[in-house]
Amino acid sequence: MTILVTGAAGFIGAFVARALLERGERVIGLDNLDSYYDPALKRHRLEMLEAHGDFRFVRADIADFAGMVETLGGEREAVRVVVHLAAQAGVRHSLENPFAYARSNLLGHLAILELCRHRLPRLERLVYASSSSVYGANTEVPFAEDQRVDRPVSLYAATKRADELMSETYARLYGIPQIGLRFFTVYGPMGRPDMAYFAFADAIVEGRPIRLFNHGRMRRDFTWIEDVVAGVLAAADHRPAREDGVPHRIFNLGNHRPVELLTFVHLLERAIGREAVKEFAPMQPGDVVETCADITAARRELGFAPTTPLEEGLPRFVAWHRRWRGW
Ligand SMILES: NC(=O)c1ccc[n+]([C@@H]2O[C@H](COP(=O)([O-])OP(=O)(O)OC[C@H]3O[C@@H](n4cnc5c(N)ncnc54)[C@H](O)[C@@H]3O)[C@@H](O)[C@H]2O)c1
């Protein structure tokens with residue numbers, strides 16, 4: 001089966017594409033290789049994928065609908081599933097660069113919906129990335145899919161919630177089967193250098209101080225990349241059904257075991273073998289104090305069962321970080 005993976009040069013996209021290739025699918029990987037973070041890392045991930053004969057890379061911008069359709073060309077005819085992971089990610093960057101989010105996450109998501117509606121004749125379903133950040137100012141943990149999600153604390157979160165609403169509309173109006181996945185702090189080798197676990201590792205290795213916001217009193221539901229990939233693949237195989245007949249479902253994909261920021265730093269120090277220089281700082285705009293996923297629905301319907309604790313995953317990330325950074 002042919003599967004289109006957008007954001008395939010990105011962290012989660014590359015792992016998803018690799019897992020699909022390993023189970024025998026044909027993958028078209030689409031990405032614009034933007035420079036939000038080091039494009040060398042994106043090229044490194046693509047090299048891994050290009051080692052598989054059934055992988056084809058397409059460089060295109062999802063926000064440019066006509067250009068994307070043209071670049072995809074006749075490949076469109078075979079696509080049965082779209083896994084849409086391309087986005088402008090990162091909460092903090094959305095404070096400084098809001099238009100990048102409107103472009104890739106609003107216009108880009110709409111363009112993917114239009115692609116599915118008009119240009120993919122054999123499409124069976126669309127799986128797309130949302131985020132735990134949609135829970136915003138909610139304080140009731142764990143976060144469950146049926147909680148209110150109209151109190152975003154960053155523009156990033158607002159665009160991800162808007163994606164869910166656009167998808168709901170397209171499922172209702174045009175019957176496009178869709179599954180939205182709310183990811184919770186995904187980490188692992190070849191990860192995103194802008195995320196705390198990676199940026200902290202860089203700082204610890206270089207002897208630079210790390211800043212612990214909200215004086216370290218934060219909790220995050222860190223989710224190991226391979227656990228997330230299993231959930232994404234299960235979603236790609238799943239027929240979204242709802243009592244009202246609208247073929248759209250949203251699932252949390254998190255580890256369901258939040259970890260204190262200071263515990264996380266301690267585990268990182270242990271894996272690296274050096275102590276961090278810690279600076280305690282107040283809460284940052286856009287941040288939330290705690291994330292924790294209620295994964296009852298994903299467990300029941302997708303068989304989602306994360307098994308990797310941070311104690312196991314972080315040393316694996318650090319082993320890769322050592323090779324990548326050469327320390
Ligand atoms: N990593 C996490 O913890 C996390 C958490 C919640 C949600 N998400 C979401 O999961 C998805 C994947 O995240 P990731 O961590 O792999 O991020 P990533 O930045 O590594 O991957 C996204 C990829 O999309 C590409 N891209 C961005 N804008 C594009 C455009 N306009 N056209 C084509 N390609 C474009 C980028 O070049 C990048 O390779 C994103 O939608 C993100 O918002 C990630």
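The model is predicted.

**Helix 3 against helix 5**

- Helix 3 spans residues 65-72 and helix 5 spans residues 98-119.
- Their axes come within 10 Å and cross at roughly 50°.
- The crossing of helix 3 and helix 5 is right-handed.
- On the helix 3 side, the contact uses F65, M68 and V69.
- On the helix 5 side, the partners are A111, E114, L115 and R119.
- This contact between helix 3 and helix 5 is made of five nonpolar and two charged residues, with no polar ones.

**Helix 7 against helix 9**

- Helix 7 covers residues 196-206, and helix 9 covers residues 261-272.
- The two axes come within 11 Å, with a crossing angle of roughly 50°.
- Helix 7 and helix 9 are therefore oblique to each other.
- Helix 7 and helix 9 cross in a right-handed sense.
- Helix 7 brings Y197, F200, A201, I204 and V205 to the contact.
- Helix 9 answers with V265, L268, E269 and I272.
- Eight nonpolar residues and one charged residue make up the contact of helix 7 with helix 9, and no polar residue takes part.

**Backbone geometry**

- The peptide bond between V141 and P142 is cis, with omega about 0°.
- P142 sits in the loop between strand 5 (125-131) and helix 6 (155-174).
- H215 has a positive phi of about 55°, although it is not a glycine.
- H215 belongs to the loop between strand 8 (209-212) and strand 9 (219-220).
- H215 counts as exposed because it has 12 C-beta neighbours inside 10 Å, and the limit for exposed is 12 or fewer.
- H256 also has a positive phi, of about 70°, and is not a glycine.
- The loop that holds H256 runs between strand 11 (248-253) and strand 12 (259-260).
- H256 has 19 other C-beta atoms within 10 Å, so this residue is partly exposed.

**L21 in helix 1**

- L21 lies in helix 1 (residues 11-22).
- L21 has 21 C-beta neighbours inside 10 Å and so counts as buried, where buried takes 20 or more.
- Leaving aside neighbours within four places in sequence, L21 is in contact with V27, H52, D54 and F55.
- L21 and I3 are 18 residues apart in sequence, and their C-alpha atoms are 9.6 Å apart.

**D163 in helix 6**

- D163 is placed in helix 6.
- D163 counts as buried because it has 25 C-beta neighbours inside 10 Å.
- Not counting residues up to four places away in sequence, D163 touches N105, H109, Y128 and S130.
- D163 and T263 are 100 residues apart in sequence and 34 Å apart in space, C-alpha to C-alpha.

- P121 is part of the loop between helix 5 and strand 5.
- P121 has 9 C-beta neighbours inside 10 Å and therefore counts as exposed.
- P121 and E77 are 44 residues apart in sequence, but 6.1 Å apart in space, C-alpha to C-alpha.

Technical notes
Residues are numbered from 1 along each chain as its sequence is written. This is a predicted model: local features need pLDDT of at least 70, side-chain atom pairs count only at pLDDT 80 or more; totals for chains, interfaces and linings use all residues. Helices (H or I, at least four residues) and strands (E, at least two) are DSSP runs, numbered from the N terminus. Axes are lines fitted to C-alpha atoms, for helices over the stretch in contact, and angles run from 0 to 180 degrees between N-to-C directions. A crossing is left-handed if the near helix is turned anticlockwise from the far one by less than a right angle, and right-handed if clockwise. Two residues are in contact if their C-beta atoms, placed from the backbone, lie within 7 Å. Ala, Val, Leu, Ile, Met, Phe, Trp, Tyr, Cys and Pro count as nonpolar, Asp, Glu, Lys and Arg as charged, and the others, Gly among them, as polar. Angles under 35 degrees count as roughly parallel, over 145 as roughly antiparallel, 65 to 115 as roughly perpendicular and the rest as oblique.
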